[in-house]
Amino acid sequence: MTDRIPGRPDPSDEVRAIPQGRRAGAPPPRHRGTAQTPPRGPVGTTRAIEQRSRRHWLDEDHDDPGATTLSGPAPSSQARTEALPSTRHTPDWSAEEDHRHTPRSYGEPAPRPVTPPPGAPTPPRPSGPLTSPKPPRGPRHRVRTALLVTLALLLSWAGATAWAVNSAWSQVGRVATTPAAGHIGDTSGRNTLMVGSDQRSGLTKEQKKKLGTGSAEGARTDTIMVLHTGDGDPTLLSIPRDSYVEIPGHGMNKINAAFALGGAALLSETIEKATGLRIDGYVEIGFGGFADVVDAVGGVRMCLAQPMKDAMAHVDLPAGCQTLDGKNALGYVRMRYSDPEGDLGRVKRQRQFLGALMGKVATPSTVLLPWRLHSVGSSAATAIAVGEDDSMRGTAEAMLGLRAVSGGTGHSVTVPVSNPGLETPAGTAVEWDAARSAALFDALRTGNPLPADVLPAS
């Protein structure tokens, strides 16, 4: 039993004193009750380092005989170890097992973190989540993006254009054009019959008055043309409406009577018999449709060498270049009583105006803009009729050929005439020049060059 000195605490409860006398080179004394705080290392190794430091401190040599405590000589290392609670010197082997992957060996100090010098600015802390910066986009990426955008725009334009064309084509009327006895044999190229009809059906009284069409019943052809394509430059052949020819089943008469007697089918048969050219396609446009197309494209500019005034055609135009709207354009192509050349003069004006109209329709501002193409196409489609067996491709080729003629690429000719004032039972008619007209028709049938004497003087 240990004698207790009055006024002093029990040595068993006393905090042991740190030995004062130590040999040279020994580490500085530390309070035995205070654990050394190891330097912080990487995340996950703090607990293991604390355990190592604790064991290192316990293994130090504290058996200095000169060390004393308040109650007597310092106990040995073994005694001190036994005196400490078991929880203070038992190593945590589970922590050692959890951190065997660390590259440092036992007892090796953890690397100290780099501490910025005093006064150094503190780097700003990111406000949002940490993300890796995106690499800069190079020129190849920009080129690829531009190509994709361009492709998308082209596809959109092509789709809109196809929609405009198909929508207009679906509104086009159909006409029976096959002759009762069938078509003649194939001839060179493709021949499309183009007819301008004075058909008044569908026009209101106000429209008839405005356009000056009159109120005659039935339908006649004010314009008859055959567009020849497919074997060289296209040729637009104009046939005077008063041409005196044989109409199958009806004897000799003016050619426009064929349309009134049997419609497009009888007119096709009459032209095939008179020219020997097979009719492969058909396009018909009436009074109202013609005016609507002209207005849809914003009018057509024509240059008049002299003033034109005709009460029958309801036209009064000054000389000079001017833009004709639908009403004046219709009067321009119909007028014949005030023309010194009569029907032949009208044929020339019709050919000129039709070429100018196609040139206006086929301009980039109309063709390349789907909404404008749809507007023009819809206006034309409601007043145009094609053959019941005609395809959209064949009709489009005919329109392109007509545009080429108006641009000066092809030829524009009229059936050679020997007598423009032939007196017949049907009235004054136009008589063809038999030899020259036969040579012209033969060249078109075989695809040979046109005779020089039928071509207009350059």
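Is Leu450 buried or exposed? Leu450 is buried, since its relative accessible area is 15% (buried means under 20%, exposed over 50% and partly exposed in between, with a 1.4 Å probe and protein chains only). Keep in mind that this is a predicted model, where local features need pLDDT of at least 70, side-chain atom pairs count only at pLDDT 80 or more, and totals for chains, interfaces and linings use all residues. Residues are numbered from 1 along each chain as its sequence is written, and side-chain values use heavy atoms, with hydrogens and water left out.

Now for the surroundings of Leu450. This leucine is found in the segment after α14 (434–446) (helices are DSSP runs of H or I with at least four residues, strands are runs of E with at least two, and both are numbered from the N terminus). Leaving aside residues up to four places away in sequence, Leu450 touches Thr235, His411, Val413, Leu440, Ala443, Leu444 and Leu455, where contact means heavy atoms within 4.5 Å. Leu440 sits 10 residues from Leu450 along the chain, and their C-alpha atoms are separated by 6.3 Å.

Next, the strands. β3 (residues 221–229) is mostly covered, with 9 of its 9 residues buried. Its pairings are set out below; two strands pair if DSSP finds at least two bridges between them.

| Strands | Sense | Bridges | A facing pair |
|---|---|---|---|
| β3 and β4 (residues 235–238) | antiparallel | 4 bridges | Leu227 and Leu236 |

The hairpin of β3 and β4 has 5 residues between the strands, and Gly230 takes a positive phi near 110° there.

On to the helices. The axes of α10 (residues 343–361) and α13 (residues 392–406) come within 8 Å and cross at roughly 110°; axes are lines fitted to C-alpha atoms, for helices over the stretch in contact, with angles from 0 to 180 degrees between N-to-C directions. That makes α10 roughly perpendicular to α13, the word used for 65 to 115 degrees. At this crossing, Leu354, Gly355, Ala356, Met358 and Gly359 in α10 meet Met399, Leu402, Arg403 and Ser406 in α13.

Finally, α12 (residues 370–381) has 12 residues and reaches 15 Å from its first C-alpha to its last, close to the 16 Å expected at 1.5 Å a residue (that is, 1.5 Å times one less than the number of residues). Its buried residues include Leu373, Val376 and Gly377.

Key. Angles under 35 degrees count as roughly parallel, over 145 as roughly antiparallel, 65 to 115 as roughly perpendicular and the rest as oblique.
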